[in-house]
Amino acid sequence: MNLAIDIGNSFLKIGVFDNEKKLFVESYRDFDAKSLEYLLKEYKIIKAICSSVRREDESIENMLGEAGISLHKLSHTSRLPFRSLYETPRTLGTDRIAALAFGYNKYPGSNVLLIDAGTAVTYDLLNESGIFEGGNISPGIGLRYRALNEFTGRLPLVSPDNKYDILGRNTENAIRSGVQQGLVFEINEYIRNLKKTHRNLKIVMTGGDGIYLSGKTEHKVSYEKDLVIEGLNYILIYNAQVF
């Protein structure tokens, strides 16, 4: 069985797979050694892969080592199923790499836009030839709210809410509409422009704000809550096949 670990900016997500069959997925804000110990007892883990956008917890690596489980730390040097035109591969986030692997595996021969709406919002395009053409990074909903509060003198910190007017008639409503509606407009425009150059473009979204945003866009969007975890598992399977 495979263990996939995605260490994000706000949460850590773990998945257990029997080949490509998903057996267990859970998100943690505070993940400790006891949680990992439970998984290792519950499942017969053979291989593991880890993606991190921040500093990894060495205790996880140590526990896996003590259990005799080989760990693949995903990086720009990893063997990947898709080709990349990214000019600075060393700075490409491993969560984005995993998302692209998911797109390659689930939508072979298709143009796919992968949107991860978490702390940051990432847009990555994999074309029908299996080539990563590039992508963009934008602040997520939470970051936008915090930035307006922290970098201005009097604007309050507003929490997300589905109720807002197109034009706000009070400051809280104006901020909420500007932040949430503004991000929806951003996503719609990316999709609209990319559809001009990429036929039959498929749009796949994930991340903590992905459920909300995927339901607000003007385009057909598939939401995949475990997109990164499944992409990590596919990279682990792919590396086992090519060696």
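**View 1. The largest pocket holds about 840 Å³ of space.** The model is predicted: local features need pLDDT of at least 70 and side-chain atom pairs count only at pLDDT 80 or more, while totals for chains, interfaces and linings use all residues. Residues are numbered from 1 along each chain as its sequence is written, and side-chain values use heavy atoms, with hydrogens and water left out. A pocket is an open set of points on a 1 Å grid over the protein atoms alone, where a 1.4 Å probe fits and protein lies on both sides within 12 Å along at least five of seven lines; lining residues have an atom within 4 Å of a point. The volume is the space filled by probe spheres set on the points, which are joined across faces, edges and corners.

**View 2. The lining of the largest pocket comprises 36 residues.** Closest to the pocket centre are Asp116, Gly118, Thr119, Gly207 and Gly208. Two or more lining residues come from each of α3 (94–106), β8 (120–126), α4 (141–150) and α7 (227–242); helices (H or I, at least four residues) and strands (E, at least two) are DSSP runs numbered from the N terminus. With five residues, α4 gives the most to the lining. By class, the lining has 14 nonpolar, 13 polar and nine charged residues. Asp, Glu, Lys and Arg count as charged, Ala, Val, Leu, Ile, Met, Phe, Trp, Tyr, Cys and Pro as nonpolar, and the others, Gly among them, as polar.

**View 3. Tyr123 and Tyr190 form a tilted ring pair.** Rings of Phe, Tyr and Trp (its six-membered ring) pair if their centres lie within 6.5 Å; planes under 30 degrees apart are stacked, over 60 edge-to-face, and the rest tilted. Four aromatic pairs are counted by this rule. The ring centres of Tyr123 and Tyr190 are 4.2 Å apart, with planes at 40°. Tyr123 belongs to strand β8 and Tyr190 to helix α5 (residues 171–197), so the pair links parts of the chain 67 residues apart. Tyr123 is buried at 3% relative accessible area, whereas Tyr190 is partly exposed at 26% (buried is under 20%, exposed over 50%, partly exposed in between; 1.4 Å probe, protein chains only).

**View 4. Five strands form an open sheet with mixed pairing.** The strand order is β3-β2-β1-β4-β5, where pairing requires at least two DSSP bridges between two strands. At the edges, β3 (21–28) and β5 (70–73) each have a single partner strand, so one side of each lacks a neighbour in the sheet. Strands β1 (residues 2–7) and β2 (residues 12–18) run antiparallel and are joined by six bridges. Asn2 stands opposite Phe17 in β2.
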